[in-house]
Amino acid sequence: MFGPDPNSIYPNEQIKQVCFVKNVIKNPNIIVGDYTYYDDINGAEHFEKCVTHHYEFLGDKLIIGKFCAIAKGVQFVMNGANHRMDSVTTYPFNIMGGGWEKCTPTVDELPFKGDTVIGNDVWIGQDTTIMPGMHIGDGAIVAANSTVTKNIPAYHIAGGNPVKIIKPRFADELIGHLLQLKWWDWPAEKIFANLETLCSADLSRIRGIVE
């Protein structure tokens, strides 16, 4: 055995507030890597409720890498939440009906920020809101109660409303090494063999691993 089954809903049957997200989503425009989990005592298996304003006709995707930790109350706001801003009013008359649909904007007239992309090994703290089209790099940490309105570089800590970059987690040289190493793409056996190094505060140990 080299860790939990990545294809199970609950990695640990004793802790059912934690689920592997990949195995509970049905929307093809939500793409999640192995071992990424959502933690919610009120039903972690309902992760898709965390993704709002995600309309099929817009075609935007939420892409989340492997080994991410997503806390309770995180919200991914997708492009369907955007209102037209280049007209006199931002009010969405068209969705109310009653003849107002005559002013339905085209997709090209709506603000569109593109896909929302979360890297690998990202920790997103409780009650964080991620706005449309944001990119969060590998190994980043987002503090609880943040509103992510700008991209966050790999292996940086960010927090606040609106979010600000607080500091890098490691020196540039180590960040570069980790981004080349891409441990999250290793087979389960290799991760298991190097688990003590990956979980060690002695950062020099990671340099001794041969790809």
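View 1. The bridge partner of Ile-118 in β11 is Ile-136. The model is predicted: local features need pLDDT of at least 70 and side-chain atom pairs count only at pLDDT 80 or more, whereas totals for chains, interfaces and linings use all residues. Residues are numbered from 1 along each chain as its sequence is written, and side-chain values use heavy atoms, with hydrogens and water left out. Strands are DSSP runs (E, at least two residues), numbered from the N terminus. β8 and β11 pair in the parallel sense over 2 bridges; pairing requires that DSSP finds at least two bridges between two strands. The open sheet is formed by 4 strands in the order β2-β5-β8-β11, with parallel pairing. β2 and β11 (135-136) stand at its edges with a single partner strand each, so one side of each has no neighbour in the sheet.

**View 2. The largest nonpolar core.** A nonpolar core is a set of buried Ala, Val, Leu, Ile, Met, Phe, Trp, Tyr and Cys residues joined through side-chain atoms within 4.5 Å. Buried denotes under 20% relative accessible area, exposed over 50%, and partly exposed the range in between (1.4 Å probe, protein chains only). Among the 31 residues of this core, Phe-47, Ile-64, Phe-76, Ile-118 and Ile-136 touch the most other members. The elements giving two or more residues to the core are β2 (30-32) and β5 (62-64). Apart from it lies another core of 13 residues, among them Leu-174, Ile-175, Leu-181 and Trp-184.

**View 3. Surroundings of Phe-76.** With neighbours within four places in sequence left aside, the contacts of Phe-76 include Phe-47, Ile-64, Ile-118 and Ile-130. Contact means heavy atoms within 4.5 Å.

**View 4. The salt bridge between Asp-34 and Lys-22.** A salt bridge places a side-chain nitrogen of Lys or Arg within 4 Å of a carboxyl oxygen of Asp or Glu. The side chains of Asp-34 and Lys-22 meet in such a bridge at 2.6 Å, N to O. Asp-34 lies in the loop between β2 and β3 (37-39) and Lys-22 in the loop between β1 (18-20) and β2, so the pair ties together parts that are 12 residues apart in sequence. Asp-34 is partly exposed, with a relative accessible area of 26%.

**View 5. The salt bridge between Arg-84 and Glu-109.** The closest N and O atoms of Arg-84 and Glu-109 are 3.5 Å apart. Arg-84 is partly exposed at 28% relative accessibility, and Glu-109 is partly exposed at 32%. Salt bridges that share partners join Arg-84, Asp-86 and Glu-109 into one network.
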